[in-house]
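Below are some comments on the salt bridges in this structure. They are set out as numbered points.

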Amino acid sequence: MVGARLAVVEGLVRELLKEEAPSRIAALTEELFQAAGSISEEDGSAAEVEPRPPGPAPLSSPSEETGLSCASHHRAALAQVEEGAVSLWNWAVTKHTGSVVNDEQRAKLRFVACRLVCLCEGSDPPEGTIRRQILMSMKTGKGWIDIGKADLADGFLEIAMSSIEKLYAKLLKGSDGEADIHVHKADVEKNLFKVLSYQAESAVAQGDFQKAVMCVQRCKDMLMKLPKETCYLSILCYNFGVETYEWKRYEQSSFWLSQSYDIGKMDMKYSVGKEMQAKVLRLLATAYFEWDCNLYLDKALKAVSLANQENLHPAGVFLKVKILLKSGASDEDINSAVAEFLHHEMSLDFCLNTAKLLLEHGRESVGFDFLKSVPERFESSPDLGKIALLHIEFLLQNKRELLAKQKVEEIIIGHYTGKQLLPEALNRLHIILWDRAAKHYEAKSYSEALHWYNYSVSFYTPGQIDQNLAKLQRNMASCYLHLKQVDKAKEAVKEAERCDPNSIFTKFCVYKIAVMEKDTDKAVEAVIEMGKLAEKLSQHEDRLRVDENTGTNLLSLAAQIALENEQQVVAIKALEYLSEHLQDCRQLFAALKCLVRLMLSKFMAENEDKRDEDINSMLTYLTLAHKRLAESFTEEKFTGDMRILEAHWFRKVAWNLAVQFRGYPEKMRDFFLLSFKLSQFCPSDKAVLIAQKTCLLMAAAVDLEMGRQVTPSEQTELLTQALQHLQACKEIWKVLKLTGDFAKDPTDTLLLLYEFEARSKLNDPTLHNLMESVWEQPQTEVKTLEIIASLAMESPARYPVLCKKALKSALNLHRKQPVIDAVKFSKCLHSLINLSLPTGLTDLDACVLQEVWHYFEDALSVVSSTDAYPEMEILWLMTRAWNTGIFQYTVGKYKEAEQWCGLGMRLLNHLGSLKKSYEGHMIGLYSEVLDKLDRAKRFLPNEEE
């Protein structure tokens, strides 16, 4: 039976022959290629059946008959495989012609078909089968070479060679005489020649020079019998020469090109022709020239001379001149070479290229003489101006500027006398003139630069509108400005505006003149126009697309010019527009730094009423810095270290500005917040954390301060903001406290007080929870409690219970001091009594009076124990006690009146210089109170015993 792998391949072939979908064809092709590659000779060996000996057929045993039947069946199966292979071959040809399969797929299908045919060949195939196999093997090998897989071609070319030998042997075996042998040999040699040429191609592709030489030599030896193949073999060697030349294998290239030329001469009837031979020789000369001009100079000259003899071509003459120049030949020899084609038709471009070559190699005498002779040959040519342009270019290169000017002036005269240059040549002339002017400008020879620019202006008609003319006028304006000829510069810019009013370059010229004349308003106006135009970078300038950095470059230059001319306001405006358009982070931050410094300087010099705008500008600059720092994470050129350095600079500046603008609370807060935001791009070390904490505390403090002076709705917003800052600050403070000892740091106290104020004024229900933590802290300071008490009653807050509790806690702390601070104690007690005993109330609850009585007793105790108690506070206590007694007296509560008035009398005794002022009056009144009290007692019923 046919091998299993062969059966798989056969099945795939049948499937492919029925397929139409390109994607499926491609997949099946690849599958077939892989499967066919794994088939071995054993898969087809079953076809080898022992032939029957001659004579009558012997009787067969049953087992022999079965064997013969199997062999017959196997041969039939292989015949089917062979038929499928041939069909596949023809199908691939058809589909390739129809572009269904590409070159590589065709090569793979040929590989499969050829492989199958070889396996089905048998031990003694007929002549037709061998011829078919030769054809298929050759084409398969050639297919692999054509797609650049020469290594896969060798095996099939060897099969073709082997099949040719089989065919020759078969033909000899069946021949009847010498004549037949010659016919058969000629028949076989055609195929042999092709196979050898393909093997040479494969060898060259694989870099096997020796094998390629051997194959070509055998082909060359066969040309006597196959003269028609002379042209083919000559071109094949030329192609080898081209390939090896491109690979810079000059030695091999020269060999193949020499072979091509020699083969081309072998049979003139079938030669490639003189043009091709000349082409071969020119490339051979080039190969020698590039291989080693000094060593192979004679060979290169000989080859190019032969080429020119075969067929005179401009390329050949040019190459000969080039080789002679390289060799250092005399002017006489070069003149002789040039003279070779003076009597032949050559194009103007060729003549110009030759002149250019001569002049570039320093052969001025020969070059200029030749150039002078060219116009005579092309008098009627519209391209005659090219000669003059080349002449001018080389005169300038050789520093013969006066002669070049004469030539330019001749062209200008011709322009106005009917001998205009073609547009392309005129454009080229403008470029030459501008280049020369630019060189003089760079050398600061501004008058000479203007001379060359004026030549260019000469070719424009009055009133002409052209963007190039606008650029030309701007360049001239720059020269005039350097020469301090401002009026002429203005005229040139005015002309530029007429030609191209929307050019950023024109506005820049206007700007430069304004700066030079110290016209600040006009300079600022020009900068504003430049800023607007910088946003339109898609417009065209001088027929070329504006470089994306043009706008920023000009604004940067504008700022620089303003600074150099000490025009601060103009520089600020230029830098502001520049910062809006800069994409490069480093340049942007440099511009912003400059802006901050300039604006701060301006701020310090200005009146108070103009400062708000400057402060807002600085806020804008720092806000932009923060925005771009946040965006810079996506910019590869801006490293992390750069970001940190810039962030540190801007956060410190924001901090310093916040401190400096403390007279502007809202702005101070904004700068502190910006400093905090900018610091978030810095590593969170201790210093940065402290700065962040302080920024947020200051921002909260400012919000609270501003909240005391605004409408209720505005106050709510400010207090809410303050709470947000405090919450962020708390988080930072938690981290910061882990880095060291902050026992003396007041941050906890400030956070508590700020939060208490914000929440109390917002009527926040969480306020009591906040205070619970305060009451639980034994280390709360007296000052803190007193401030809490004050804030608890500061409008719109009203928390008397919290206030009283805070004051009581403060008094307790005062009492616990080794020595009571009478002044502080008096103030605290004053507040507590005021809160507990409002002025003007007469109908007081007995409990309240009792509570307040204890406060007075505390006061009296301290007053009695020290002379430091403020006299005015004693007076105030005395007055409050006395008035309370009088109020009790007026409502008939004589006993209570006597107690409170008596308290007042006791306090009176502790007054100093003020005692006499009150003593007389109070004693009289106190006597009345006592009398009333005695009378009241008489009317009271006696208690039962």
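1. Glu189 and Lys225 pair through their side chains in a salt bridge, N to O 3.4 Å; the term means a side-chain nitrogen of Lys or Arg within 4 Å of a carboxyl oxygen of Asp or Glu. Glu189 sits in helix α8 (residues 178-205) and Lys225 in the loop between α9 (209-221) and α10 (230-246), so that distant parts of the chain, 36 residues apart, are linked. Helices here are DSSP runs of H or I with at least four residues, numbered from the N terminus.

2. Buried means under 20% relative accessible area and exposed over 50% (1.4 Å probe, protein chains only).

3. The model is predicted: local features need pLDDT of at least 70, side-chain atom pairs count only at pLDDT 80 or more, and totals for chains, interfaces and linings use all residues. Residues are numbered from 1 along each chain as its sequence is written, and side-chain values use heavy atoms, without hydrogens and water.

4. A salt bridge also joins Arg436 to Glu401, with 2.9 Å between the closest N and O atoms. Arg436 belongs to helix α20 (residues 423-442) and Glu401 to helix α19 (residues 401-415), so the pair ties together parts 35 residues apart in sequence. Arg436 is buried at 17%, and Glu401 is buried at 16%.

5. Within helix α34 (residues 747-761), Glu757 and Lys761 are 4 residues apart, about one helical turn. Their closest N and O atoms are 2.7 Å apart in a salt bridge. Glu757 is buried at 3% and Lys761 at 9%.

6. The salt bridge count is 38.

Technical notes: Helices (H or I, at least four residues) and strands (E, at least two) are DSSP runs, numbered from the N terminus.
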